[in-house]
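Here's a quick tour for anyone meeting this structure for the first time. Have a look at the sequence and the model, then read on.

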Protein chains: 2
Amino acid sequence: MTRIETFLSEQAVTSADKTFIQLRKDIVEGQIQAGSKLSETELSTKYAVGRSVIREAINRLVSCHIVERKANVGARVVALTPEGLIDLYQIRESLEGMAARLAAKNMTSQEITDLNGLLAAHFQEVKGGESYYQEAGDVDFHYRIILGSKNNQLISLLFDGIYHLVRMYRVQLGMAGPRVTSAFDEHKHIVQAISNRDEELAEMLMRRHILYSRNNIEQKLISN
Amino acid sequence: MTRIETFLSEQAVTSADKTFIQLRKDIVEGQIQAGSKLSETELSTKYAVGRSVIREAINRLVSCHIVERKANVGARVVALTPEGLIDLYQIRESLEGMAARLAAKNMTSQEITDLNGLLAAHFQEVKGGESYYQEAGDVDFHYRIILGSKNNQLISLLFDGIYHLVRMYRVQLGMAGPRVTSAFDEHKHIVQAISNRDEELAEMLMRRHILYSRNNIEQKLISN
DNA sequence: ACTGGTTATTTTGTCGACAATTTGGCTATT
DNA sequence: AATAGCCAAATTGTCGACAAAATAACCAGT
């Protein structure tokens with residue numbers, strides 16, 4: 001099992017773990033509508049677990065800002081707003097910029113070699129016209145750099161918190177968009193900077209990369 | 001009630017809220033030792049609430065990285081390590097830098113006026129030789145700028161998560177340190193940049209400010 | 001005395017029941 | 001008809017009990 005997989009596949013051992021992951025999936029992928037109320041008893045029967053388990057799952061979703069809860073009233077899935085998406089991308093710009101800086105400092109040469117390999121594989125796909133790239137490939141690229149930062153707090157913030165919310169926006173607002181080839185070039189330059197151990201440039205390029213991505217998404221939001 | 005206070009005094013309505021806040025306080029301030037085990041039944045009698053309430057409180061502490069839990073084994077207060085502190089400061093540098101940038105863009109002129117007022121008040125204290133400054137004053141300064149970012153996700157990340165952990169290190173490793181006057185000058189320049197709506201400079205100065213603070217703390221860690 | 005396996009004990013995870021709070025609807029009064 | 005107050009239904013919050021898992025203690029065999 002690769003390093004990435006161990007981090008991503010949070011091995012769910014308890015019933016609350018599984019319910020949390022399932023519920024998050026159902027919300028992120030839109031099976032449960034954004035903004036809708038989460039009734040504990042209802043979910044309890046739906047997922048065939050006790051209400052305690054549902055409560056714990058909901059509480060965890062509250063912690064990653066996917067659900068909001070008012071005391072004695074109940075929990076609702078967050079609403080997807082343009083402002084919320086912008087907030088997320090500002091944080092991504094900040095944190096992933098720092099991640100790239102730290103990756104340039106802390107990645108092993110083996111990890112950098114692997115990253116170059118990933119880039120080469122993506123290049124083949126892009127050349128072959130597969131638009132498969134952007135979903136899995138882009139995510140994989142960013143994950144490796146974040147892991148390369150070796151900052152566990154940073155890794156957890158992005159993986160456990162931000163990324164699920166970003167994916168929720170992506171899926172539900174249909175942001176499967178293009179920007180494939182230009183994004184590839186940006187990735188290439190970032191990897192070059194990391195290979196050169198140029199922390200300053202790596203951070204700057206990553207920030208630009210995410211800023212462009214945000215601009216791209218904002219345009220789509222407006223056109224809707 | 002000022003804007004800051006509404007954000008800081010999380011009004012605890014349920015019993016789980018109060019227990020969470022109390023437990024966090026006891027951990028952050030060292031009443032409960034770092035690295036120690038958190039027995040649910042034990043805490044249940046200690047705080048005179050049911051075990052469900054304790055469980056919920058612990059789960060929330062897990063979400064803000066103050067406690068770690070292993071399934072079917074139990075929860076422990078995190079250990080305080082130099083690496084952990086560095087991780088935190090790297091994140092602060094990144095996020096608060098972005099906060100300063102956004103504050104330069106989004107703070108109202110009234111808020112900027114207030115911020116200048118705060119600075120003036122601190123100057124009087126520093127001049128008067130009160131070292132009171134650095135604890136409350138420094139925190140107040142940073143809080144206002146973070147709030148000034150108007151990015152709720154960012155605000156929550158720092159207030160609900162990072163800052164309690166930072167305070168835990170500060171309190172338990174006795175980082176009440178000096179650096180008062182130099183920090184004041186740094187604050188002054190940051191406020192100037194924000195007043196000029198110079199986003200770029202505000203971010204850069206804030207990052208430097210936090211970097212210096214980190215260097216200062218690291219030196220103390222070594223000398224111990 | 002030491003190691004391996006087995007049983008007890010303790011601790012966590014889950015469930016259903018009860019208490020407290022909110023919400024919606026009803027009645028009465030103006 | 002509108003509003004205020006009150007009551008009923010539903011939902012959340014908390015508790016204690018039971019189930020499952022891990023740790024500790026114990027015993028047997030070498």
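## Ground rules

In what follows, Ala, Val, Leu, Ile, Met, Phe, Trp, Tyr, Cys and Pro count as nonpolar, Asp, Glu, Lys and Arg as charged, and the others, Gly among them, as polar. The model is predicted, with local features needing pLDDT of at least 70, side-chain atom pairs counting only at pLDDT 80 or more, and totals for chains, interfaces and linings using all residues. Residues are numbered from 1 along each chain as its sequence is written, while chains are lettered from A and ligands numbered from 1 in the order in which they are written.

## Around DNA strand D

DNA strand D has 18 residues around it, the closest being G74(A), T14(B), S15(B), G50(B) and S52(B) (near means a C-beta atom, placed from the backbone, within 6 Å). By type, this surface has 10 polar, 6 nonpolar and 2 charged residues.

Which helix gives the most to the surface near DNA strand D? That's α4(B), with 3 residues (helices are DSSP runs of H or I, at least four residues, numbered from the N terminus).

## Two copies, one axis

Turn chain B by 180 degrees, with a shift of 0.0 Å along the axis, and it lies on chain A with an RMSD of 0.0 Å (superposed by least squares on C-alpha atoms of residues with pLDDT of at least 70 in both). The two copies are therefore related as by a two-fold rotation axis. Within chain B, S94(B) comes closest to that axis, its C-alpha at 2.8 Å.

Definitions and conventions: Helix = DSSP H or I, 4+ residues; strand = E, 2+ residues; numbered from the N terminus.
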